[in-house]
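Work through these exercises with the structure open beside you. Try each task before you read its solution.

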Amino acid sequence: MTANGTETVTPGGEQLVVCTDAARTYGTGPGAVVAVHGASCAVTAGAGIAVVGPSGSGKSTLLHLMAGLDRPTAGRVAHPGLPEGSLPRHIGVVFQGPSLLPPLTAVENVALPLRIDGVAQAEADARAFAALEELGLEALASKLPDELSAGQAQRVAVARVLARRPRLILADEPTGQLDRESAGQVMGVLLAAAATLGAAVLVSTHDMRVADALPTRWSMADGRLVLPDGTAEEDRAEEDRAEERLAGKRRAGERQEREAR
Amino acid sequence: MIGMWLSGLLRVRGGRLLATASGVMVAVALLSLLGGFLSQTRATMTSQSVRTVSVDWQVQVADGADPNAVLSTVRGLDGTKAALPVGYAGTSGLEARTGGTLQTTGPGSVLGLPADYARTFPGEIRVLAGHGQGVLLAQQTAANLHAAPGDTIAVKRAGLPAVRLRVDGVVELPLADSLFQKVGAPPQSQPSAPPDNIVLLPQRTWHTVFDPLAVPRPDLVRTQIHTLRGHGLPPDPAAAYTAATGSAHNAEVRLAGAGLVGDNLGAVLDAARADALYAQLLFLFLGVPGSVLAAALTWAVAQAGAGRRRKEQALLRTRGATVRQLVGLAAVEAVVVAVAGTAGGLALAALVGRVALHTAGVPLSWALAASAVGFGVAGATVLLPARYDARRATVASGRTAVARRPAPHPAWWAMAAVLLAGSLAVFRATSTTTYALVLAPEGTASLSVDYWAFAGPALLWAGGAVLAWLLADLLLRRGRPLLQRLFRPAAGALAGTVAAGVSRQRGAVLRSVVLLALACAFAASTAVFNSTYRQQAEVDAVLTNGADVTVTTSTNGATGTADAAKLAGVPGVQHVEPVQHRFAYVGADLQDLYGVQPKSIVSAGRLQDAYFSGGTASGLMDRLARRPDALLVSAETAHDFQLRPGDQVRLRLTDARTGGPRTIPFHFAGVVKEFPTAPKDSFLVANSSYIARTTGSAAVGTLLVDTGGTAQQSVAARARTLLGPNAHVTDLPSSRTVIGSSLTAVDLAGLTRVELGFALVIAAAAGGLVLALGLAERRRTLALASVLGARGRQLSGFVWSEAALVAVAGGACGAVLGWSLSQMLVKVLSGVFDPPPSQVAVPWAYLLATAAVTVAALAAAAWAAVRHARRPPLTELREL
């Protein structure tokens, strides 16, 4: 197994994102919180990766760094296979929570990124409707986000990503707030659409069923990214140990809190 | 829990709480200030009115009653400070031989004054020439007789030989109207003017001359007891009037028919109480809308955070909070807002009052009332909506960010139509000439106010607000294609998306538009009313004084061209306009006749079209210029004599060549309602050249001196020095302080500054603050758009489009409503204007400044929102 600091490249084609000792620290001084320690990794075109780890392990922050939505406080994140000036056009992000614009209907939400990219109104609307249709959501096209269930809203968010035909899809706990059935539906359409587009997919999740749907698995614990180089059993054992360490820390923290009271 | 919630509120929502408390503060401050001003104004009106009275009571001794007994009773009354007997006698005529000619006059009055009369009643007699003791002639009488100190006059007595007396001085009697009132007669039976011929004699001389007349003609000789009263009156004019008239009635009861009280003090307080009521109405018409607007602003600010509050309530409910607990937490917020807003408002009122209105502080009663309003506003805007949500909303609905907003019920359109139609009906009713907002029947203690008049502006405010809301809603709901086109310059390709967003989240935009419209309307209507009031006060002053500086004849009736030349050389004088002043008989009616130079009088006399009817000032002066014998008469004269244009009018004027009367033909050319220096009742205007030719005298009675509006008092002082005591010189600034009602005498400048300042603040807050809070609710939308790749310019497009929409829609609705309200206010409150304005005065500088400040506030709010939107979107989303 290779720990942080050693670059491991997922086998495949062109590199879309390369992280080199990328770290993200929030705040300064003694109260500073390190969300991601120097992570080194790369995502190539066509890859399917699950980043697993418990809540608070730094998965979301890593995805945000990769998407260019956040900047590393140390190290660097590069996008060698993507034009640097138009990352949002080529990297689609599915967020954990509600991410639809409240005053726009489903189809307007899906068309918005296309309009931002300068696609003509008629074409943007047609592509947006086609994306909804592809996900079986055409009946919801004129609904407002507040009129959708959480699962429906998340599927519309996926459609919004797909409509832009990105080369890399970063999905941050896309099923985190969904029931099992809805989660299955969302992951199904996400992976199917990614396959159709030939886009690389990186999904952060703490749900092993979701992770199992992807061929490659990275794990994160305490902000440290661990990339696989051993057997599947060894990797899973390492993940279990990481979870146990985190659970131990939580228990210790709770104990201290009780004693303090 | 409450302590924890409060600390969290102050920490996290401090800015929003401060904004809400600021709304309460503005409402409280405006009410306190206006209330304080109202109290002070009333007290000022009372004291100013009392100051204008010199003789408080003129007690007429009844026929057959003993004057000494009446004098003794009056002196014994509570509150009497001094009482002096004054003899009144009628003379059948006066005669004087001066400069080799004999002048005679018609009947007149001769007063017998005790030695200390002038000292006891200092406002009654003003010495113009000679000294104030001995035989004194009133100015007009001296002019009629061509008499000066040292000359001898003959006082004719009915049935007795005339008495010759040597003149010691010439005096002016500023309060002649009340001095020669018919005591006990109703107002309509009072003489329209004091006698033309008045002689004042020392009491002893008067008794010598007229005691013999009292026996054969007791109707021509009578005695009055002139009384000075202690003025410990209540500050409110209505209460002071009641107290003063009560004392007068009490005196009459005690006199038991031996005397009748001419209550001068009660008469001026009677006028003042009507003016005080007008001041109160001004407060209601101008102040209350401002306070209501400030309350609406508070509501809008509170409402801008309603979505967030509902989410918090939903969260608390999922954690098990009860409705009672939720309402309790909202009550804590309301109390914080109320206490901070009320305290701030009272402090602001005290500060502004001291600086702008020079008031000592906010009266306790008004402070309490304003505080109650502050707490009421906080309760209504913070607590009640939260209580409603806590009781009605579900957890799911509380989490809803944007719900579909239905179109307003058609009944709202009907309501707007009814409100506006009602307002129009009241407006039409108040436009009639017989309409009077305040009716103050003489002699009765009660005043009646036509409270229906309030309905006009109130209905217009309400109807305008509802209509602005409906129209803005219609535009946002159905006019999306139009909005898309309007937004394209700012939002580019995202114009459609912005239009859709604004349309669906139109609640916040509607609040901003309606509030901005109301604030603009308030600022515009207040400013227009105040500037029209100032304009008319100036017109009144100019009408009364005639010009910047006015010189009138004293004794010889002929301030001539030599005087005009002297005045023209005084530094600061731009033009001197001579105006002849004669007296002419129209039938049996003696009227003032003004001879003018038609070509120059329009600008020199600042003549306004409103002074004439049937034509403009220039048009009627043109008629005069074209036809030398043209004559303008008052509407009353035209009506009484059934005159039609071109009719011949024969006036009797004194011919200077013969000294006797001469009938001169004129032709009726138009109606004049007001003229500089002219009395309010009937008078005539004609060509000075024609009068000079036909009467053989070019003597000028009045010189109107134009100083360009500056240095009037120094020019007046110089004129007095140049022309000597025979010239009566008055200046505009001094006239402003003595003319008009007690209301116009009250300086409204401070109040105007305060009102306009508040209007400006409310307009800026309605635009900027409400937009800023509305945009703050869109931070999530902007952050998500940024995450999706929207660039800075595209994000700015969202914000600037909304700001432009609010500015244009709110400004347009506000301009229309403001214009309508201005017309309405000026019409409904026409009673405070003297003379009524022919058109409203629009203070463009203030309106442009208000527009600029409001646009700047909107731009600042938009700029702050754009700046916020350019923050890293994840930071933004994490905070939301």
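This is a predicted model. Keep that in mind throughout.

**Exercise 1. Positive phi**

What is the phi of Arg606(B), and what is the phi of Thr677(B)? Say where each residue lies and how accessible each one is.

Solution. 
- Step 1. Most residues other than glycine have a negative phi.
- Step 2. Arg606(B) has a positive phi, near 50°. Its place is the loop between α20 (598-604) and β19 (612-613) of chain B.
- Step 3. Thr677(B) also has a positive phi, near 70°. This residue is in the loop between β22 (661-672) and β23 (683-687) of chain B.
- Step 4. Now check accessibility. Arg606(B), at 32%, counts as partly exposed. Thr677(B), at 25%, counts as partly exposed too.

**Exercise 2. An enclosed helix**

Why is helix α28 of chain B described as largely enclosed? Then look just after α28(B) and give the phi of Gly789(B).

Solution. 
- Step 1. Helix α28 of chain B covers residues 779-787.
- Step 2. Count its buried residues. Eight of the nine are buried, so the helix is largely enclosed by the rest of the structure.
- Step 3. Name some of them. The buried residues include Arg779(B), Leu782(B), Leu784(B) and Val787(B).
- Step 4. Gly789(B) takes a positive phi of about 105°.

**Exercise 3. Chain A as a whole**

How many helices and strands does chain A have?

Solution. 
- Step 1. Chain A has eight helices and nine strands.
- Step 2. Of its 261 residues, 52% are buried.
- Step 3. Take the contacts in chain A between residues at least 6 apart in sequence. Of these, 72% join residues at least 24 apart.
- Step 4. Chain A exposes about 11,300 Å². Carbon and sulfur atoms supply 50% of that area.

Note on methods
Residues numbered from 1 in each chain as written. Chains lettered and ligands numbered in written order. Predicted model: local features only at pLDDT ≥ 70, side-chain atom pairs only at ≥ 80, totals over all residues. Heavy atoms only, no water. Helix = DSSP H or I, 4+ residues; strand = E, 2+ residues; numbered from the N terminus. Buried < 20%, exposed > 50% of the residue type's maximum accessible area, 1.4 Å probe, protein only. Contact = heavy atoms within 4.5 Å. Areas by Shrake-Rupley, 256 points an atom, 1.4 Å probe, with all protein chains shown as cover.
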